[in-house]
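Thanks for coming. I will go through one structure this morning, taking the pocket, then the chain interface, then a few local features.

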Protein chains: 2
Amino acid sequence: MKRVEQHVCFGGMQEVWSHESATLGCTMQFGVYLPPQAAEGPCPVLYWLSGLTCTEQNFITKAGAQQYATEHGMILVAPDTSPRGEGVADDEAYDLGQGAGFYLNATRDPWAKHYRMYDYVVEELPARVERHFPASDARSVAGHSMGGHGALVIALKNPGRYRSVSAFSPIVAPSRVPWGEKAFGAYLGNDRESWKAWDACELVAGASERLPLRIEQGGGDPFLDEQLQPQLLEQACRAANHPCDVRIRPGHDHSYYFIASFIGEHMAHHAAALKR
Amino acid sequence: MKRVEQHVCFGGMQEVWSHESATLGCTMQFGVYLPPQAAEGPCPVLYWLSGLTCTEQNFITKAGAQQYATEHGMILVAPDTSPRGEGVADDEAYDLGQGAGFYLNATRDPWAKHYRMYDYVVEELPARVERHFPASDARSVAGHSMGGHGALVIALKNPGRYRSVSAFSPIVAPSRVPWGEKAFGAYLGNDRESWKAWDACELVAGASERLPLRIEQGGGDPFLDEQLQPQLLEQACRAANHPCDVRIRPGHDHSYYFIASFIGEHMAHHAAALKR
């Protein structure tokens with residue numbers, strides 16, 4: 001573990017760390033914000049999963065979340081969105097390959113060797129965070145767009161491991177929308193049955209716990225009708241009797257201007273669950 | 001005037017506009033944040049001047065200022081840091097030419113033709129803003145690093161035109177530090193007497209009004225001792241009996257993590273002056 005950035009921010013410390021990932025077989029970076037309370041003892045952790053094309057930088061520079069992490073005494077961890085590097089399979093498209101890991105474990109070549117973002121985010125990253133930083137084992141998970149899909153899937157597949165989940169503009173039904181169909185076809189192959197294990201709308205039907213779940217969606221998001229369709233998750237949650245608090249925000253788009261506007265409410269949502 | 005970006009944000013609208021600048025002889029972009037109060041009537045305006053290498057994007061995506069603009073009902077205007085384009089003189093260095101206009105009117109070739117950021121920021125930009133947006137003529141000015149120099153110089157040279165001034169990590173004595181000596185030598189020539197008209201420490205000696213002036217400086221800023229030296233402005237203000245509120249913030253560096261941490265306090269400083 002090597003620290004590559006360190007900035008005092010809102011009374012705490014925004015850092016970026018680099019490490020060799022055994023899970024992904026490449027060098028990875030992640031952002032970690034340590035609030036001032038971390039100097040006194042272990043703090044709960046919110047994991048943030050970013051969207052297509054992002055690195056660990058987008059959330060830490062644009063969301064303005066650090067002020068709320070200081071308010072609530074929460075650590076923020078923001079990983080990259082895929083394995084990286086010259087030896088890692090890639091594609092010219094923005095929505096496949098590097099920058100587009102989709103938080104799953106790929107089973108098809110050439111992706112299967114490195115594309116294991118699910119295992120990285122669920123196992124390796126928390127193990128590193130809880131060993132190297134004053135982090136308690138109280139965890140929540142949130143994300144944006146592809147990362148909103150990741151947050152929902154990771155929370156639903158791991159009952160007892162996260163206290164709460166939230167997402168901005170998530171891909172809730174990747175098996176049924178173009179972004180997901182393209183990525184799942186490449187990473188998992190054409191057997192659509194195998195896709196169900198990575199689709200929040202499918203997973204919620206079998207959920208064994210009732211996690212606090214909040215969704216923020218811009219009403220002016222250009223991807224709303226084709227790629228996002230949050231009503232599919234609302235329907236699935238209603239059928240499964242799972243909580244699902246979806247807020248449609250008129251006029252808001254898919255950008256970090258939207259995330260910055262409501263990240264404080266999401267941090268409060270997670271803080272309430274993490275402090276229980 | 002052509003709108004090239006529009007994002008709902010904190011109840012208002014973050015926009016980016018493009019226009020042909022008569023002053024600079026090129027196409028320019030600037031960011032403007034319109035708080036919800038702008039729908040009801042004219043609002044005061046805070047002009048933000050960015051530092052070396054920045055465009056209009058840095059402040060609007062990283063500072064988190066929009067939430068405070070909504071709180072106080074202030075419009076935020078963030079111009080680019082120099083003229084731009086293929087026909088505009090440039091230099092390979094990051095601290096000269098495009099991205100490094102230093103908010104002055106150049107007198108030497110090849111810079112004199114386009115490099116008139118002082119006239120642009122003081123005259124053309126406010127005229128456009130006050131014509132196209134619900135902006136009152138209550139103005140304040142702030143900036144970072146090279147833009148902190150710009151804010152101080154512009155406020156001090158135009159008594160009656162701004163209600164307040166503030167700066168993060170400003171170059172307060174450009175005539176006496178490497179960044180300023182290089183830029184002034186290129187843009188203004190080697191007659192150091194001509195530099196005094198663009199040096200805040202020189203201008204404050206002749207200031208005819210007493211503007212609320214606040215400086216934020218990171219104690220861990222790597223440029224502090226060589227390029228910034230805020231004590232030179234404190235001394236000049238003391239000698240001139242001009243107010244000067246300098247806050248040294250331990251550990252903070254030169255980044256937007258520093259700006260984001262204290263922009264709320266600067267917005268409150270300006271709001272108090274703008275609402276008088």
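**The pocket and its surroundings**

The largest pocket has a volume of about 720 Å³. A pocket here is an open set of points on a 1 Å grid over the protein atoms alone, with protein on both sides within 12 Å along at least five of seven lines; lining residues have an atom within 4 Å of a point. Points are joined across faces, edges and corners, and the volume is the space filled by probe spheres set on them.

Before going on, the ground rules. This is a predicted model, in which local features need pLDDT of at least 70 and side-chain atom pairs count only at pLDDT 80 or more, while totals for chains, interfaces and linings use all residues. Residues are numbered from 1 along each chain as its sequence is written, chains are lettered from A and ligands numbered from 1 in the order in which they are written, and side-chain values use heavy atoms, with hydrogens and water left out.

Back to the pocket. Its lining has 44 residues, and those nearest the centre are Thr61(A), Asn58(B), Thr61(B), Lys62(B) and Tyr256(B). H1(A) contributes the most, five residues. By type, the lining splits into 21 nonpolar, 21 polar and two charged residues.

Now the interface. Contact, meaning heavy atoms within 4.5 Å, links 20 residues of chain B with 20 residues of chain A. The two chains bury about 1,600 Å² between them, 55% of it on carbon and sulfur atoms. That is the accessible area (1.4 Å probe) lost on putting the two parts together, summed over both. Val8(B), Phe10(B) and Tyr257(B) supply 40% of the area that chain B buries against chain A, more than any other three residues.

Ser261(B) sits in helix H10 of chain B, residues 256-274. Helices are DSSP runs of H or I, at least four residues, and strands are runs of E, at least two. Beyond four places in sequence, Ser261(B) contacts Cys9(A), Phe10(A) and His252(B). Is Ser261(B) buried or exposed? Ser261(B) is buried, at a relative accessible area of 13%; the cut-off for buried is under 20%, with a 1.4 Å probe and protein chains only.

Ala207(B) lies in the loop between helix H7 and strand E8 of chain B, and is itself buried at 15% relative accessibility.

Conventions:
Buried < 20%, exposed > 50% of the residue type's maximum accessible area, 1.4 Å probe, protein only. 1 Å grid on protein atoms, 1.4 Å probe; cavity = no way out; pocket = protein on both sides within 12 Å on 5 of 7 lines; lining within 4 Å. Nonpolar A, V, L, I, M, F, W, Y, C, P; charged D, E, K, R; others polar.
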